[in-house]
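Welcome, and thanks for stopping by. Please have the model below open in your viewer as you read, and we will walk through it together.

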Amino acid sequence: MTAPYTTIIGLEIHVQLATASKLFCGCSTRFGAPPNTQTCQVCIGMPGVLPVMNRRAFELGLRTAVALNCQIAPFTKWDRKNYYYPDLPKGYQISQYDLPFSSEGWLDISDPKGKIEPRRVGIIRAHLEEDAGKSMHDEAAGQADSRIDLNRTGTPLLEIVSKPDMRSPAEAKAFLTELKLLLTYLGVSDCNMQEGSLRVDANVNLHVHTPDGNVPTPIVEIKNMNSFRAVERALAYEAERQWQVWQETGQRLGQVPKQTRGWDDQANVTRGQRHKEESSDYRYFPEPDLVPATVTAAEVEQVRAELGELPAALRTRLESTYGITPYDSDVLVNQGRELVAYFIALADGAGDGKAAANWLQQDVLRELNARDLSIDKFPVSAARLAELIALVKKGDIDHTRAREVVFVEMLSSGKSAADVLREKGIERVDESELEALARELLAANPKILADIKQGTTKAAGALIGQAKKRNPNISPNRLLEICLAIAPGM
Ligand code: ZN
Ligand code: MN
């Protein structure tokens with residue numbers, strides 16, 4: 001049975017750009033300072049002051065827009081978006097209305113685990129604007145009053161508006177995850193959702209499949225989601241709620257105006273807030289105190305040339321150069337540029353990309369997580385770990401002992417693999433010695449020998465313990481191979 005409706009999702013993301021100072025004045029953008037200690041006449045909107053654009057903010061916005069494959073406008077201007085709210089003392093926000101600096105881009109999403117189909121999500125526009133202050137209703141614990149902190153006022157924001165191209169909450173989450181990774185690789189924002197550096201609003205409605213064609217339900221904008229997981233849950237809830245309402249009221253829904261609803265993370269529901277404003281409610285007009293900005297084609301090409309290798313291209317290169325799977329390349333690239341650099345040094349040094357990816361994911365990442373370390377603080381260098389991987393490949397040591405004995409010792413002592421092998425008396429057991437041992441153990445265990453001859457090859461596993469007691473240096477895998485090879489002739 002086909003689904004009774006298609007879910008249509010578009011996202012609007014506000015990203016705080018990582019500048020030291022605000023968009024139109026010199027105040028610091030540092031998070032966490034005491035309330036109202038990072039303000040000046042410009043950002044609190046005293047009469048007669050003049051804003052001056054922060055070049056750095058414009059550059060970070062430009063870098064992001066180019067990475068999102070956007071068209072860059074050669075001429076862009078600022079506009080006033082007029083509304084009243086206590087955290088906006090000027091009574092207007094300086095934003096961009098009809099001539100945003102960038103538009104018409106895209107970002108590809110995919111999922112190596114196969115939960116979503118690969119999809120290209122369009123970007124309608126990305127523009128710059130200033131942030132508002134913060135109303136602290138909740139923070140004033142136990143107090144009946146609300147307070148205003150204007151430290152955030154004037155912090156540069158990049159607003160990114162996607163096309164309504166996503167078809168499920170999982171796709172929305174994948175888009176946000178990929179966007180955040182891209183922003184991190186570009187170094188344009190710290191993307192800290194807890195501190196409000198990345199804020200997401202979602203627009204969602206249904207196209208209900210009827211015999212007369214698809215009928216859209218009214219678009220709902222969801223706000224107040226504090227994690228990507230919350231976005232996913234809120235969208236799933238809202239799609240289901242709209243479907244319930246449709247079933248109860250049917251096509252009369254078409255008369256209901258657009259609505260804004262807030263996500264309640266505790267109660268797991270969205271609640272109606274207000275009717276959504278139309279842009280005409282804001283009485284936009286050009287900002288008279290700022291000069292328009294111009295960007296030349298040469299400047300755009302310069303930015304493009306300096307982007308560095310971005311996540312999608314990096315995944316493709318790791319897969320083709322090192323023969324690793326899309327799943328592996330996704331895990332590595334998601335960890336950031338530094339870990340990828342470690343992987344490349346490891347794979348090149350060991351001459352084995354797959355082994356390097358396995359060691360990195362199983363052993364290195366586990367240690368990093370357990371010790372809460374970043375890769376630049378990891379005690380075993382890529383060159384040293386590559387030596388160990390090479391010794392395993394050569395057959396000087398088996399994989400299990402390499403992990404459980406040598407790697408552990410390298411972690412705590414910082415010694416090289418070769419030194420640890422020497423100190424622990426670990427040495428390669430030659431083939432003739434292994435074969436003699438296999439013959440002896442099979443002869444001493446007639447039941448196991450019989451089982452192997454019957455074709456129950458896993459019976460040979462019972463010999464490993466005894467073999468290890470005789471010589472801890474033997475490779476269990478090699479011993480098993482030899483047992484299976486010689487048993488039929490015994
Ligand atoms: Zn200021
Ligand atoms: Mn905005």
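Is R478 buried, partly exposed or exposed? R478 is partly exposed, with a relative accessible area of 30%; here buried means under 20% relative accessible area, exposed means over 50%, and partly exposed is what lies in between, using a 1.4 Å probe and protein chains only. Before going further, some ground rules: this is a predicted model, in which local features need pLDDT of at least 70 and side-chain atom pairs count only at pLDDT 80 or more, while totals for chains, interfaces and linings use all residues. Residues are numbered from 1 along each chain as its sequence is written, chains are lettered from A and ligands numbered from 1 in the order in which they are written, and side-chain values use heavy atoms, with hydrogens and water left out.

Let us stay with R478 for a moment. Its side chain meets that of E481 in a salt bridge, at 2.6 Å from N to O; a salt bridge is a side-chain nitrogen of Lys or Arg within 4 Å of a carboxyl oxygen of Asp or Glu. Both R478 and E481 belong to helix α15 (residues 476-486), where they sit three residues apart, about one turn of the helix. Helices (H or I, at least four residues) and strands (E, at least two) are DSSP runs, numbered from the N terminus. E481 is also partly exposed, at a relative accessible area of 46%. Elsewhere, K77, D79 and D98 are joined into one network by salt bridges that share partners.

The structure holds 38 salt bridges. One of them pairs E178 with R315, whose closest N and O atoms are 2.8 Å apart. E178 lies in helix α2 (residues 169-186) and R315 in helix α5 (residues 311-322), so this pair ties together parts that are 137 residues apart in sequence. Both E178 and R315 are buried. Another salt bridge links the side chains of E367 and R371, with 2.8 Å from N to O. These two residues share helix α8 (residues 353-371) and are four residues apart, about one turn of the helix. E367 is buried, with a relative accessible area of 16%, whereas R371 is partly exposed at 38%.

Now to the metal. Which residues hold the zinc ion (ligand 1)? The zinc ion (ligand 1) is coordinated by the SG atoms of C25, C27, C40 and C43, at 2.3 to 2.4 Å. Donors are N, O and S atoms within 2.8 Å of the metal (3.2 Å for Na, K and Ca), and since water is not among the atoms, sites may look incomplete. Along the sequence, the donor residues follow the spacing C-x1-C-x12-C-x2-C. The four donor atoms subtend angles of 100 to 114° around the zinc ion (ligand 1), which makes the arrangement tetrahedral; for four donors, that label requires all angles to lie between 85 and 135 degrees.

What about cysteines bonded to one another? A disulfide is a pair of cysteine sulfur atoms within 2.5 Å, and by this rule the count comes to zero. C483 is buried, with a relative accessible area of 0%.

The backbone has a couple of places to look at too. Most residues other than glycine have a negative phi. N36, however, has a positive phi near 60°. N36 is placed in the loop between β1 (5-16) and α1 (55-67), and is partly exposed at 37% relative accessible area. N268 likewise is not a glycine, yet has a positive phi of about 65°. N268 is found in the loop between β14 (259-264) and β15 (269-275), and counts as partly exposed at 35% relative accessibility.

The loop between β1 and α1 also holds N54. At 12% relative accessibility, N54 counts as buried. Leaving aside residues up to four places away in sequence, N54 touches T19, S21, K22 and L23, where contact means heavy atoms within 4.5 Å.

Finally, step back to the whole chain. The domain assignment gives domain 1 (5-299), domain 2 (309-424) and domain 3 (431-489), with bounds that come from an automatic or database domain assignment. The centres of domain 1 and domain 2, taken over C-alpha atoms, are separated by 39 Å. Their contact takes eight residues from domain 1 and 14 residues from domain 2.

Technical notes. Tetrahedral: all angles 85-135°; square planar, octahedral: opposite > 155°, others 65-115°.
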